[in-house]
Amino acid sequence: MTPLHQYLFLSALLFGVGLAGALTRRNAIIVLIGIELMLNAANLNFIAFWRFSRHPELATGLMFVLFSIGIAAAEAAVGLALIIAIYRHYRTANLDQFDSMKG
Amino acid sequence: MLGEGIIKGMTETARNFFGSYIDSDRLVTVQYPEQRLPLKENTRNFPFLVHDGDDPEKGLRCVACKICEKECPPQCIFIVLERDEKGKPQKHPKVFDLDISVCMSCQICVEVCPFDAIKMDTEFELSHDDRFRGLLLDKKQLAKPNHYYHKIHPVEAAEVDERLAAEKAKAEAKAKAAAAPKPAAGPAAATAGKPAAPRQPVPA
Amino acid sequence: MAWITQNLWLIPALPLLAAGLSSLAKQRQRAFAASLAIGSMVAAFLLSCAAFVTTLGHAGTFREPPVNFLWFQLGETTLQLGWVLDPLAAVMLVMVSFVGLLIFIYSVGYMAHDENFTRFFCFLALFAAAMLGVVISNSLLLLFVCWELVGFTSYMLIGFWYHKPSAAAAAKKAFITTRIGDIGFFLGMLWLYSETGTLLFYDGGQGCLEQSALTKLAAQTTMLGMAASTGISLLIFCGAMGKSGQVPLHVWLPDAMEGPTPVSALIHAATMVAAGVFLVARVYPLMETVPANATVAAQTAETLTPALSLSEREREKQISASDESIRVEPSAVRKIADAPQNVLSLPAGEGRGEGEGQEHAAAHAVSTALKLVTWIGAITAAFAALIAVAQTDIKRILAYSTVSQLGYMMMGLGVGGVAVGMFHLITHAFFKALLFLGAGSVIHGCHDEQDIRRMGGLKPFLPVTFGTYAVGMMALAGVPVFFAGFWSKDDILHNAAHWPVSSGPFWLGVFGALLTAFYMTRQVCYVFFGQRRAGILPARHAHDERSSKVHSSVPSSSHPPGGQAGGLSYDPHESPPVMTTPLVVLAVFAVVLGFFGTPAWPWFQDYISGHPATGDLSKLFEWETSSIMLLSTIVVALGLSAGWWLYGRLPSATPEDLDPLERMRPSVFQVLRGKFYVDELYEATVIRFNAWTAWLSDGLDRVLWDGVVRGVSYLVLGFSWISRFIDEYLVNLGFDKGCDGIRGGGKLAAAWQTGQVQPYLRVIGLALAALVLLLSWGRVQ
Amino acid sequence: MDPVFAFLALLTTAGAVAAVSLRNLVHCALCLVVAFAGLAALYLQLNAQFIGFAQILVYVGAVAILIVFAILLTRGSEPGNQPILSSSWQAGLGVAVLVLGALGVAVASSFVRYYPVSPAPQPTVRELGEQLMTNYVLPLEVIGLLLTAAMIGAVIIAMHEKQGPR
Amino acid sequence: MQEILDQLFVLLKAWLVGFFPLPWQPLVSILISVAALILVFALLFAVATILERKGLGRIQNRYGPNRVGPCGFFQPIADGLKMLIKEDIVPSGADRVVHFLAPIALVAPVLLAFSVLPYGRNMAPIDLDAGIVVFFAVGAGTELAVFMAGWSSRNKYSLLGAMRAIAQMISYEVPLILSSVTVIMIVGSLRPIQIVEAQAGYQGWLPAWHVFTPWGLAGFLLFAIAATAESNRSPFDMPEGESEIVAGYFVEYSGFKFALFFMGEYFGMFAISGLAITLFLGGWHAPLPFLEKSIPSYVWFFVKLFGFIAMFIWLRGTLPRLRVDQLMNFAWKFVLPMTLLNILAAGLWRFLPAGATRWLVCLVILLGAFLALGRSMVARRKWSPRKYRFAE
């Protein structure tokens, strides 16, 4: 049986990869992909902790992940709709050019 | 109500389905290689050469005048005139090739042939595994006897025969007149020509 | 209590329902609206008949106990409404619903081509409902509400062809003029309420027309020495004057003829104008109440001071008397007031029956209000008749005749009591409706021609109309014995002749009767006799009454152009049966009704006043009665023959021909034709004064009030100038420094605010890393 | 290390790395799907059956499709050979490495390395459902509301604005 | 004997597995199941194609294929051979890797979906607690494969076809899941085996299948409609739409890859029919009590499956293709509301006492909804007689 910390390392790695994607790519969709990856890394953490917890019958981790998946779906839908709307306005999905909120 | 039309249509197709097993009249498909539809009188596909008699080489009506070769719009006919040793042209094709992958069945060659030598065939099962050679028909493959022509286009063939016979008779009469003694040439020609004239078929 | 008394409200409610329903109908649902209105009228008529039958055959003062109910209550103030069924109401109910029904039926034919047919019937039904409501109401308030509704529907109906400016103006005029009278009515009502605390007529002894209230009112004196009852009566009579077109408020009635003819017939001949007469009849007990001080005042030098002091004294007495017995008995009042016995008797107690016995007592008992009513009525009767002589519009003549006859009714009320006036009201309703409908039929037949000078010779073309019209004309003129008008008018004249106050009204009445006979003869001669003068003038659509002229092209196709060169030639045609049938029915009634009120058999008067019906043929031949009859017969004969002499003998040939009277006395005729210039007088006085007042108040508003407001605003502006100065030069300079500093700081901070996502995300990532390191480091420690 | 876990971890990581680094956006999306599928398999490894399949249903069946659609809808008007990395990518990468390092240190230094392996729980779907309908009913309702709101919001945001009359 | 016949394949598998050492046995068991599935369904695919072609022919009063083998029944073999031999053409502009992966990505999830269906008594390849979820999860995976195929071909027709297919599949996935939710609600389990067991038994002659309840019947019909659309079958075959977009997302596929797509489509049809049978038609239970023991359970499953296939063929032979907007309208304005109401009806069924009342209530709800919604779908247009502006 794989020990807990290996899952945690994998989760951290996925989180790092997602973060790197979100921080380095120009395309808004890839940034969104990175964010989804981070979210999934967190989900993996929850599942792993649930699996190794002392009271798995409480299913806390599972529940959290279940809701997290639901929220992620909503987030993806709204995020992508925003990207499409912004694209329609600026004719680009390049994040560097979205700076109308510049102070 | 929603779905009525669907149910109606389904009953109709179901009736078709079972009906096709019960009532064979419903099945209109012709099982082709075994069953064939009789061809129509005016069916035409690609040209062939008519020969009289049994020998395709000798009885060929074609005189290699090359009118058809010139007239053919896609230029699918290739004719070489036969010459004897001295180079004198014979009224006979040495080569008569016809590329049916090019031919468009327009029948112009038939229209222009003054000798009724080329006619349209009804044969359509001409597929071949050699796409170049297999579809290039030579003189031997093209030559078909006159009775074959009668078989596929009986009415037309009868007309042609009649005309040819008339022309032949006319030519013979002419020849006879020419061969007859000179003094008698005038009246003989007159007597031969007169009755021959109404027998000539009126060109359409 | 009879069922019908309980459910008397159904009679107005049914037409009201019909009006409501047909107002929802679409414009093209003509049959629906008409059948609804007529059906409701039929039902109302049947119910009215039931009510009428209930009141029959009772001896003495008959009145079903009124049905009252609480409308609303404000603190201790209560307002009650209710309805009552007595002979007065019953006979009016039958008349209104029957005449109304006939006119409804007639309208189906008359309005057949109008595109707003549905709306018309809606209004008609609403009118009928309101009128029936006036008739049954047992509360002055309910009566007033229905009264105003009647006025409103009259406005709508006069202005039915609102696209005609004249119709719109006439509607406005009618509405405003009657409102002037209604103000008086309203004030009188308020006064009455404040005095008696109730507006119910009859309330088991508590009503305002019953003895206790009347006593109280009679005892109260106000300015000019009038008793409260007199003041209230006069104010209420103002309303009646407005509605019934008495001089000087008569001006609206002739103009109201701009409305469709059935409207003229229904509203301005038969029912609505009679509402004023009905009102006076209804409040007759109040009207005839002689103030407690009246006799004293009459006996004394008619100075104010003694009368006032006297009245006060007597009121004290009365109060002390009423302290003894809370319910004031008639005898006590009589003793105090020294009044004749019948002063406080109920209206039904009055009538022709008691004329002889208490004549001299009555001479003292005629109240101021009744005197006014009589005089106004008599003046109106003669005045309007004079104007009618010179008019040329067929409907306008009838309108002035109506005014005149209303004057007769008022006079009858004043001199003879309720029964006399009401009898003339009923007979007049029938024959005047007949005349109007006949005029409508003539107009209809002549393709909307209203000028009598352009008619002539219609007798052969309109036989039924002519016959019925002649009956109506003779009834109106008072041709003896066979026609209703004779008996009712004679009754009035008879009473007027015995009026103790003055003989002026009698002679005015006689003069009016003469003129009536004269102008009716003139009209009939112009319209039906002589030769045809129609179609000679091409421009004959000056009185373009019909809005949708559907049939104007029909005659040209059905009748090819005839002999008359150049003109529009057409044959007048008889109206359809739906229009002539009501005429015939009305004609029958115009003849028959008179026999219910002859001196020999005064059934109607007895019915109204509650006496058992008596028949005594000998009465007819008493000198007292027959002299008056003879006089009026002579007068009528004189009028008829004068009319025939002037107009029938030598009929004018063309419309341009001068009137024979005009040839004789052009100046007098001009004055008459100009209606005594009453309209012009009003134009010059009342309306100009009104405009001047408006101008004055406008100027006041602009100069005075605006000036004050502007002054205040300039003051505020000045203050704001000062505060702005302080703000700009004292406060702001200090802040500007601070703001500059803040702005510099903000610029520095804004440099971090790139507006891009990734730098923010980077910061979050850094923070996360820091947090994780911090936490794990702390744990490792 | 468990070979199955190693394989799945490798697959997931490779998919994730490819998803954020490839030039072609559609390839990125497809690689993301691989990463999601690997994660779902890891969930199955962790005895979270229902969550694993829900992960596939939601992420592979819905989110990936959404992303693909978004990619197709936002393509076209940009020139092809632009740099794929943002202007300040060095800093971003640095931060990402820092976070990764911090997380790694945190995990490595924590006691979970010595955490005992407990017996595998077998949660049935029924138990999950009962939990959802009892203890977690409020969050469930809230998430339903959230999803509805998000759906409507997404539709409205992405809807074409009405052009004027043409 | 009947017992043995019923469990024939189970015993056979156990016997085969018994030859292997214990640690290998799970793996071997899985392999045997997979092999059996692929074999059976590949065969079924072949049979279904020939049946479809012949059935369609008969519906159109033709013979259908009748040359290869007896009555043409070896036609699929010939077709298969042809497909294998044909040249595999990849367009030069295509994304080669994705183009290659797409057919595999299509067939693999469908095969996975087969693994959770119970084919007979004790004959579910995998007995999963969340079996229905698995089915839908892997079903969702096919959409991505369709997209891969359409996008990677770099062909406008194929991209359009893929978009249509995805839109259609997503739209109909919602009513598909919602209509199966009723069964899950009533049974209280996502386990296919348990769902089948819940439909065991008879009431008189009538089996206790879900389809014989009002909500079940409505659910079944709605499920069937959604399944038809989900598997891109006529009349919902817009993604292929030969007349408009040539052949949809697999225009640029030829040879064996095309065969895989073809197979994937048929496999999808079989899988979804299998699910419908499991959910509504009593799985492997016999329709009549006396047939329950005498005929093996798996036979019943496949008989029902053939019934479904026949139904699909019949529908395809009857109905013309819908337009895209009609399809979407139908999904969102008719099928979806009906499924939601059906859930309500099922809930009422669960909590009302057994008897005529709940029949009446459920029937009224569903029939009312059907009439109202159906009216709105049908009575949308009234075609007036055509007027010609110039011809007349």
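Everything you see is a predicted model, in which local features need pLDDT of at least 70, side-chain atom pairs count only at pLDDT 80 or more, and totals for chains, interfaces and linings use all residues. Residues are numbered from 1 along each chain as its sequence is written, while chains are lettered from A and ligands numbered from 1 in the order in which they are written.

Back to that pair of strands: Pro47(B) stands opposite Met120(B) in S4(B). Both strands belong to an open sheet of three strands with the order S4-S1-S6 in chain B and mixed pairing. S4 (118–120) and S6 (143–145) of chain B are at the edges with a single partner strand each, so one side of each has no neighbour in the sheet. Direction ignored, neighbouring strands of this sheet are turned by 50° against each other on average, with axes taken as lines fitted to C-alpha atoms and angles running from 0 to 180 degrees between N-to-C directions. As a general point, strands of a sheet pair through backbone hydrogen bonds, either parallel or antiparallel.

Chain B also holds an open sheet of three strands in the order S2-S3-S5, with antiparallel pairing. Its edge strands are S2 (77–83) and S5 of chain B, each pairing on one side only. Strand S3 (residues 89–99) of chain B is joined to S5(B) by two bridges, and these strands run antiparallel. Look for Leu98(B), whose bridge partner in S5(B) is Leu137(B).

Between S4 and S5 (136–137) of chain B runs a loop, and there you will find Phe124(B). Is Phe124(B) buried or exposed? Phe124(B) is exposed, because 10 other C-beta atoms lie within 10 Å. For reference, a residue is buried if 20 or more other C-beta atoms lie within 10 Å of its own, exposed if 12 or fewer, and partly exposed in between, with C-beta atoms placed from the backbone. Phe124(B) and Phe46(B) are 78 residues apart in sequence, but their C-alpha atoms are 8.2 Å apart in space.

Now turn to chain C, which has 31 helices and two strands. Of its 781 residues, 51% are buried. Two residues are in contact if their C-beta atoms, placed from the backbone, lie within 7 Å. Among the contacts in chain C between residues at least 6 apart in sequence, 78% join residues at least 24 apart.

Where does the largest nonpolar core have its most connected residues? This core has 224 residues, and those with the most contacts inside it are Ala37(C), Leu93(C), Met131(C), Val280(C), Phe430(C), Ala433(C) and Ala590(C). A nonpolar core is a set of buried Ala, Val, Leu, Ile, Met, Phe, Trp, Tyr and Cys residues joined through C-beta atoms within 7 Å. Leaving aside neighbours within four places in sequence, Phe430(C) is in contact with Val99(C), Ala484(C), Leu586(C), Phe589(C), Ala590(C) and Leu593(C). A second, separate core of 206 residues includes Ala12(A), Leu23(A), Ala54(D) and Val95(D).

Chain D has six helices and zero strands. Buried residues make up 40% of its 166 residues. Its contact with chain A takes 65 residues from chain A and 70 residues from chain D. On the chain A side, helices H1 (4–24), H2 (28–51) and H3 (60–90) each give two or more residues, and H3(A) gives the most, with 20. By class, the side of chain A that touches chain D has 45 nonpolar, twelve polar and eight charged residues; Ala, Val, Leu, Ile, Met, Phe, Trp, Tyr, Cys and Pro count as nonpolar, Asp, Glu, Lys and Arg as charged, and the others, Gly among them, as polar. H2(A) is mostly covered, with 22 of its 24 residues buried.

Chain D also meets chain E, through 19 residues from chain E and 17 residues from chain D. H6(E) gives the most to the side of chain E that touches chain D, with eleven residues.

Technical notes: Helices (H or I, at least four residues) and strands (E, at least two) are DSSP runs, numbered from the N terminus. Two strands pair if DSSP finds at least two bridges between them.
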